[in-house]
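Let's take a walk through this fold, contact by contact. Keep the viewer open as you read, and click along.

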Amino acid sequence: MTVTALIAEDEPILAQALATMLRRLWPELKVLPIAEDGGRAVDMALSALPEVLFLDIQMPERNGLEVAELVAEQWPDDRVLPRIVFVTAYDEYAVAAFERAAVDYVLKPVQSARLAMTCDRLKAQMQHDPVPESAQSAAAPGMYSTTGAEASLLAALQALYGAQLAGPGGTAPAQPPLKVIQAAVGTGLQMVPVDEVLYFEAADKYVRVITASADPQAAELLIRTPLRELIPRLDADQFWQVHRSVVVNVKAIERVSRTYGRLRVHIRGRSETLEVSRMYAHLFKAM
C-alpha cells in the first residue's frame, strides 16, 4: 500500500527540509505538495486523504490543533483517521503537554534521528490500523464504533487545548464551576441557571446559549465567552461536547439517531437536531 503524507508548514525552507528528510528516511512515502497555511491544509487533507499529517502548530488562518480537529470531524467514515505529527518550535510547556497527551511531535529545526524514530513508530502503528466501522458488517445500527486511535486523538486534542488555555504556567488556574449564565440583553442582564441550559453552540464571535426557559427573551442568549473557556467550568458528567462547536446538556437529550452515516442528537422540546462529530461518537454507546 502506498502511504501518503501532507506537510502543513508556512515556512518554505523548513517545509522543504522536512520533505527532503522524509523522502530519504521513508523512500516508499509519497509526500504531497506543501500546504502553506492552516486553511489550505484542511482543504488538501480532505481532498487527498493522506495517511499521515505533519502539522505546524503555529500557522496563518488556522493553527495545527484546529486543522487536526477539523480534519478529524470531516474525515470519511470509511477511512481510518490519519496519523498526526505536530511540528513545533521548542517550548518546554508545549513539549510537556505533548508528552502528557502521548502525542507524536518533532521539534524545529527537525533532527534526522528524531524524525527517523517518528517514521518507525508511524509504520508500526499503521500495521495495526483496524478495519473502519462502515466496512464492518457487524456494526451496531445507529451507532459508531470509535477506534482506539480516534479516542486517543480526541484525548490528545483536549489535553493540548487545555495546555493552550493554561499558557506559559503550564497549569490552568482553578476556575469555579459555572452556576449561572449572565448574558447582556438590551441594556440589562439576563441571568439563567446553568442547569436550564439545553446546549451551547459557538457561532462566529459569540456562543449561543439555548435554554429551557419559557420566556422568549431568555430562550436564546448570546455571550462572548469562547466555548473553550466555558468547557472547563462545566460539569463534565452533565455537559458533553459532541462537536467542536457544540456542548449539550445530557439531561436534555431525548434520543440519538443516525442520518446519512452521522449521529444526530434530538433535544427534548426542540425541533432542531445537533450533529455529533466522529471524534465524539464514542460517547453514545448502547448499554
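This is a predicted model: local features need pLDDT of at least 70, side-chain atom pairs count only at pLDDT 80 or more; totals for chains, interfaces and linings use all residues.

Searching the whole structure turns up eleven salt bridges. One of them pairs K108 with E11, and their closest N and O atoms sit 3.3 Å apart. K108 counts as buried because its relative accessibility is 18%, and the cut-off for buried is under 20%.

Now look at another pair, E51 and R79, whose side chains form a salt bridge at 3.6 Å, N to O. E51 is in the loop between α2 and β3, and R79 is in the loop between α3 (64-74) and β4 (83-89), so this bridge ties together parts 28 residues apart in sequence. With a relative accessible area of 17%, E51 is buried, whereas R79 is partly exposed at 31%.

Then there's E275 with R264, a salt bridge at 3.9 Å, N to O. Here E275 sits in strand β15 and R264 in strand β14 (residues 262-267), eleven residues apart. Both ends are partly exposed: E275 has 30% relative accessibility and R264 has 23%. Some bridges also share partners, and in that way E9, E11, D56 and K108 are joined into one network.

While you're around K108, check the backbone. What kind of peptide bond joins K108 and P109? It's a cis one, with omega at about -15°. P109 itself falls in the loop between β5 (105-108) and α5 (112-126).

L49 has a positive phi of about 50° even though it isn't a glycine. You'll find L49 in the loop between α2 (38-48) and β3 (52-56), and at 16% relative accessibility it counts as buried. D204 also isn't a glycine, yet has a positive phi, about 55°. D204 is in the loop between β8 and β9 (206-211), and with a relative accessible area of 84% it is exposed.

On to the rings: the whole structure contains two aromatic pairs. In one of them, F200 and F239 have ring centres 5.8 Å apart and planes at 55°, so the pair is tilted. It links F200 in strand β8 to F239 in strand β11 (residues 239-243), 39 residues apart. F200 is buried at 0% relative accessible area, and F239 is buried too, at 7%.

W240 and F284 make an edge-to-face pair, 5.6 Å centre to centre with 65° between the planes. Why edge-to-face? Because planes over 60 degrees apart count that way. This pair runs from W240 in strand β11 to F284 in the segment after β15 (273-276), 44 residues apart. W240 is partly exposed at 24% relative accessibility, while F284 is buried at 8%.

Finally, head out to the surface. D195, E196, D235 and D237 gather there in a patch of negative charge. D195 is in the loop between β7 (188-193) and β8 (197-203). Is D195 buried or exposed? At 56% relative accessibility, D195 counts as exposed.

Methods: Residues are numbered from 1 along each chain as its sequence is written. Side-chain values use heavy atoms; hydrogens and water are left out. Patches are made of residues with over 30% relative accessible area and no salt bridge: like charges are joined within 9 Å, nonpolar side chains (Val, Leu, Ile, Met, Phe, Trp, Tyr) within 5 Å. Accessible areas come from the Shrake-Rupley method with a 1.4 Å probe; for residues, only the protein chains shown count as cover. A salt bridge is a side-chain nitrogen of Lys or Arg within 4 Å of a carboxyl oxygen of Asp or Glu. Lys and Arg count as positive and Asp and Glu as negative; His and the chain ends are not counted. The place of a charge is taken as NZ of Lys, CZ of Arg, CG of Asp or CD of Glu. Helices (H or I, at least four residues) and strands (E, at least two) are DSSP runs, numbered from the N terminus. Buried means under 20% relative accessible area, exposed over 50%, partly exposed in between (1.4 Å probe, protein chains only). Rings of Phe, Tyr and Trp (its six-membered ring) pair if their centres lie within 6.5 Å; planes under 30 degrees apart count as stacked, over 60 as edge-to-face and the rest as tilted.
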